[in-house]
Amino acid sequence: MYCQQEDCEVINLIIKVITPKKGGTPGFNAYHVIETLKFLKNREAGRPFLSKYLNLGEASVKTMLKRLKDNNLIIQIGRHNKLTKNGEMVLKFFESKLNIFESKLNIEGLEDCLILVLEMNPPKDLTSIYK
C-alpha cells in the first residue's frame, strides 16, 4: 500500500484494532471502528447503546472498545466512553479522506467486504485524454 508515513500510521492503527487476536475473527470491522469514533466525537456513550447503534453484539462492542482504549483512541469515564485527542486526530484523518457509509453488497463472497474509495488527483497526462 502506498501512502505518506503519517497516513500509513493512522491506517495501520485501525488495522491493528480490527485484526483478530487469539480465537476467532472479531464481529466488528473498520466501518464500525470509524463509526464509533464519529459517534463519540460529540457525545459520550456506553456499551449497551453502542451495541444497538452499531447493530453489533455487546461482546463485540466490548472487545472493540477495549482495543480502542488500549490504542489511546478513547477513554472510559464511568460507564461511558469519550474520544481522546489521539482519537480526534484519527477521525479527522478519515473524515478528510473518506466519505464513510455502510452498504450491503449482493455479490457472493463480498458480503463482509469493506471498500475504501480515496479521493485522488490523477496525473495530468491521464486527465488530458478526457478534454
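Student: Where does Thr84 lie?

Tutor: In this predicted model, Thr84 is found in the loop between β2 and α5 (85–97).

Student: Is Thr84 buried or exposed?

Tutor: Burial is judged from relative accessible area, and a residue under 20% counts as buried. Thr84 has a relative accessible area of 10%, so Thr84 is buried.

Student: Which residues does Thr84 touch, apart from those up to four places away in sequence?

Tutor: Thr84 touches Asn72, Leu73, Ile74 and Ile75. With Asn72 there is also a polar approach: a polar atom of the Thr84 side chain lies 2.7 Å from the backbone oxygen of Asn72. Separately, the C-alpha atoms of Thr84 and Lys69 are 9.2 Å apart, although the two residues are separated by 15 residues along the chain.

Student: In which strand is Asn81 found, and which residues does Asn81 touch?

Tutor: Asn81 belongs to strand β2 (residues 80–83). Its relative accessibility is 4%, and therefore Asn81 counts as buried. Leaving out residues up to four places away in sequence, Asn81 touches Leu40, Arg43, Glu44, Ala45, Gly46, Arg47, Leu65, Ile74, Ile75 and Gln76. Ile74 and Ile75 are also touched by Thr84.

Student: Which residues of α3 and α4 meet?

Tutor: From α3 come Arg47, Pro48, Leu50, Ser51 and Leu54, and from α4 come Glu58, Val61, Lys62, Met64 and Leu65. By class, this contact of α3 with α4 has six nonpolar, one polar and three charged residues. Two of these residues, Arg47 and Leu65, are also touched by Asn81.

Student: At what angle do the axes of α2 and α3 cross?

Tutor: The axes of helix α2 (residues 30–40) and α3 cross at roughly 125 degrees and come within 11 Å. The two helices are therefore oblique to each other. The crossing of α2 and α3 is right-handed.

Student: Which residues of α2 and α3 meet?

Tutor: His32, Glu35, Thr36 and Phe39 of α2 meet Phe49, Leu50, Tyr53 and Leu54 of α3. This contact divides into five nonpolar, two polar and one charged.

Student: How many residues of α2 are buried?

Tutor: Helix α2 is mostly covered, with 10 of its 11 residues buried. Among them are His32, Glu35, Thr36 and Phe39, which also take part in the contact with α3. At the start of α2, a side-chain oxygen of Asn29 comes to within 2.9 Å of the backbone nitrogen of Tyr31.

Student: How many helices and strands does the chain have, and in what pattern?

Tutor: The chain has six helices and two strands, and along the sequence they follow the pattern α-α-α-α-β-β-α-α. Of the 131 residues in the chain, 34% are buried. Among contacts between residues at least 6 apart in sequence, 54% join residues at least 24 apart.

Methods:
Residues numbered from 1 in each chain as written. Predicted model: local features only at pLDDT ≥ 70, side-chain atom pairs only at ≥ 80, totals over all residues. Heavy atoms only, no water. Axes fitted to C-alpha atoms, helices over the stretch in contact; angles between N-to-C directions. Helix = DSSP H or I, 4+ residues; strand = E, 2+ residues; numbered from the N terminus. Parallel < 35°, antiparallel > 145°, perpendicular 65-115°, else oblique. Left-handed = near helix turned anticlockwise from the far one by under 90°. Contact = heavy atoms within 4.5 Å. Nonpolar A, V, L, I, M, F, W, Y, C, P; charged D, E, K, R; others polar. Buried < 20%, exposed > 50% of the residue type's maximum accessible area, 1.4 Å probe, protein only. Polar contact = N/O pair within 3.5 Å; in protein donor to acceptor, adjacent residues only side chain to side chain.
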